[in-house]
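Could you have a look at this one with me?

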Amino acid sequence: MFVINLHYIVSLDALDAHMKEHVAFLQKYYKEEVFIASGRKVPRTGGIILAVGRSKEEIEGIMQEDPFCTNGLAEVTVTEFLTSQTHPAFKKLLKEVFNS
(Lines give C-alpha, C1' and ligand atoms only; values in the text may rest on other atoms or scores of the structure.)
Protein backbone atom coordinates (compact mmCIF):
# COMPACT_ATOMS: atom_id res chain seq x y z
CA MET A 1 0.00 0.00 0.00
CA PHE A 2 1.16 3.52 -0.72
CA VAL A 3 0.56 7.02 0.59
CA ILE A 4 0.97 9.60 -2.16
CA ASN A 5 1.63 13.08 -0.85
CA LEU A 6 1.08 16.01 -3.22
CA HIS A 7 2.46 19.39 -2.19
CA TYR A 8 1.23 22.33 -4.26
CA ILE A 9 3.97 24.67 -5.48
CA VAL A 10 1.78 27.19 -7.34
CA SER A 11 -1.18 29.39 -6.45
CA LEU A 12 -4.56 27.75 -5.99
CA ASP A 13 -5.85 29.68 -9.01
CA ALA A 14 -3.18 28.10 -11.22
CA LEU A 15 -3.95 24.71 -9.70
CA ASP A 16 -7.72 25.03 -10.13
CA ALA A 17 -7.24 25.69 -13.85
CA HIS A 18 -6.16 22.02 -14.12
CA MET A 19 -8.60 20.51 -11.60
CA LYS A 20 -10.91 18.98 -14.21
CA GLU A 21 -8.03 17.04 -15.80
CA HIS A 22 -6.72 16.01 -12.36
CA VAL A 23 -10.13 14.62 -11.40
CA ALA A 24 -10.27 12.66 -14.69
CA PHE A 25 -6.82 11.24 -13.85
CA LEU A 26 -8.05 10.19 -10.40
CA GLN A 27 -11.18 8.58 -11.84
CA LYS A 28 -9.10 6.56 -14.31
CA TYR A 29 -7.10 4.97 -11.51
CA TYR A 30 -10.13 4.46 -9.28
CA LYS A 31 -11.64 2.44 -12.15
CA GLU A 32 -8.38 0.48 -12.45
CA GLU A 33 -8.59 -0.20 -8.67
CA VAL A 34 -5.25 1.45 -7.94
CA PHE A 35 -6.54 4.41 -5.92
CA ILE A 36 -8.48 3.69 -2.73
CA ALA A 37 -9.08 7.17 -1.31
CA SER A 38 -8.01 10.73 -2.04
CA GLY A 39 -8.61 14.26 -0.88
CA ARG A 40 -7.29 17.71 -0.06
CA LYS A 41 -5.09 18.49 2.90
CA VAL A 42 -6.36 20.94 5.49
CA PRO A 43 -5.22 23.64 5.05
CA ARG A 44 -5.26 23.26 1.26
CA THR A 45 -1.54 22.95 0.62
CA GLY A 46 -1.75 19.67 -1.26
CA GLY A 47 -3.50 16.35 -1.35
CA ILE A 48 -3.22 12.74 -0.24
CA ILE A 49 -3.96 9.60 -2.24
CA LEU A 50 -4.04 6.06 -0.83
CA ALA A 51 -3.11 3.51 -3.48
CA VAL A 52 -2.30 -0.14 -4.01
CA GLY A 53 0.14 -1.45 -6.57
CA ARG A 54 2.91 -3.90 -7.33
CA SER A 55 5.78 -1.51 -6.61
CA LYS A 56 6.71 2.02 -5.62
CA GLU A 57 8.10 2.50 -9.13
CA GLU A 58 4.72 1.59 -10.62
CA ILE A 59 2.94 4.19 -8.46
CA GLU A 60 5.59 6.83 -9.22
CA GLY A 61 5.07 6.14 -12.94
CA ILE A 62 1.32 6.52 -12.59
CA MET A 63 1.77 9.85 -10.80
CA GLN A 64 3.81 11.15 -13.75
CA GLU A 65 0.49 11.12 -15.65
CA ASP A 66 -1.18 13.47 -13.16
CA PRO A 67 -1.78 16.88 -14.76
CA PHE A 68 -0.65 18.47 -11.49
CA CYS A 69 2.75 16.82 -12.09
CA THR A 70 3.01 17.16 -15.86
CA ASN A 71 2.28 20.88 -15.56
CA GLY A 72 4.71 21.47 -12.67
CA LEU A 73 1.99 22.36 -10.17
CA ALA A 74 2.82 19.91 -7.38
CA GLU A 75 5.67 17.92 -5.95
CA VAL A 76 4.90 14.26 -5.24
CA THR A 77 6.26 11.89 -2.64
CA VAL A 78 5.31 8.20 -2.64
CA THR A 79 5.70 6.28 0.62
CA GLU A 80 5.22 2.52 0.73
CA PHE A 81 3.95 0.90 3.90
CA LEU A 82 2.96 -2.57 5.00
CA THR A 83 -0.48 -2.78 6.55
CA SER A 84 -0.23 -4.67 9.83
CA GLN A 85 -3.68 -3.75 11.11
CA THR A 86 -6.86 -2.70 9.32
CA HIS A 87 -10.50 -2.19 10.16
CA PRO A 88 -12.42 -5.40 9.36
CA ALA A 89 -14.57 -3.64 6.74
CA PHE A 90 -11.49 -2.24 5.03
CA LYS A 91 -9.79 -5.64 5.07
CA LYS A 92 -12.91 -7.15 3.46
CA LEU A 93 -12.93 -4.43 0.79
CA LEU A 94 -9.26 -5.01 -0.06
CA LYS A 95 -9.84 -8.75 -0.26
CA GLU A 96 -12.78 -8.24 -2.64
CA VAL A 97 -10.76 -5.91 -4.85
CA PHE A 98 -7.71 -8.14 -5.06
CA ASN A 99 -9.60 -11.39 -5.49
CA SER A 100 -11.85 -10.10 -8.25
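Here are my points, going from the ground rules to the chain and then to the strands.

1. First, the ground rules: this is a predicted model, where local features need pLDDT of at least 70, side-chain atom pairs count only at pLDDT 80 or more, and totals for chains, interfaces and linings use all residues. Residues are numbered from 1 along each chain as its sequence is written, and side-chain values use heavy atoms, with hydrogens and water left out.

2. The protein chain has 5 helices and 4 strands; these are DSSP runs, with helices being H or I of at least four residues and strands E of at least two, numbered from the N terminus. Read from the N terminus, the order is β-α-α-β-β-α-α-β-α. With a radius of gyration of 14 Å, close to the 13 Å from the globule rule for 100 residues, the chain is as compact as a globular protein of that length. (That radius is taken over C-alpha atoms, and the rule is 2.2 Å times the number of residues to the power 0.38.)

3. As for the box around the C-alpha atoms, it is roughly 40 × 25 × 20 Å along the principal axes.

4. How much of the chain is buried? Of its 100 residues, 29% are, where buried means under 20% relative accessible area with a 1.4 Å probe, counting protein chains only.

5. Look at the contacts (heavy atoms within 4.5 Å) with a separation of 6 or more: 71% of them in the protein chain are between residues 24 or more positions apart.

6. Now the strands, which pair if DSSP finds at least two bridges between them. Strand β1 (residues 2-8) runs antiparallel to strand β3 (residues 46-51), with 6 bridges joining them. Within that pairing, leucine 6 has glycine 47 of β3 as its bridge partner.

7. β3 also pairs with strand β2 (residues 35-40), again antiparallel, over 5 bridges. Here alanine 37 sits opposite leucine 50 in β3, and the link from β2 to β3 is a hairpin of 5 residues.

Notes. Buried < 20%, exposed > 50% of the residue type's maximum accessible area, 1.4 Å probe, protein only.
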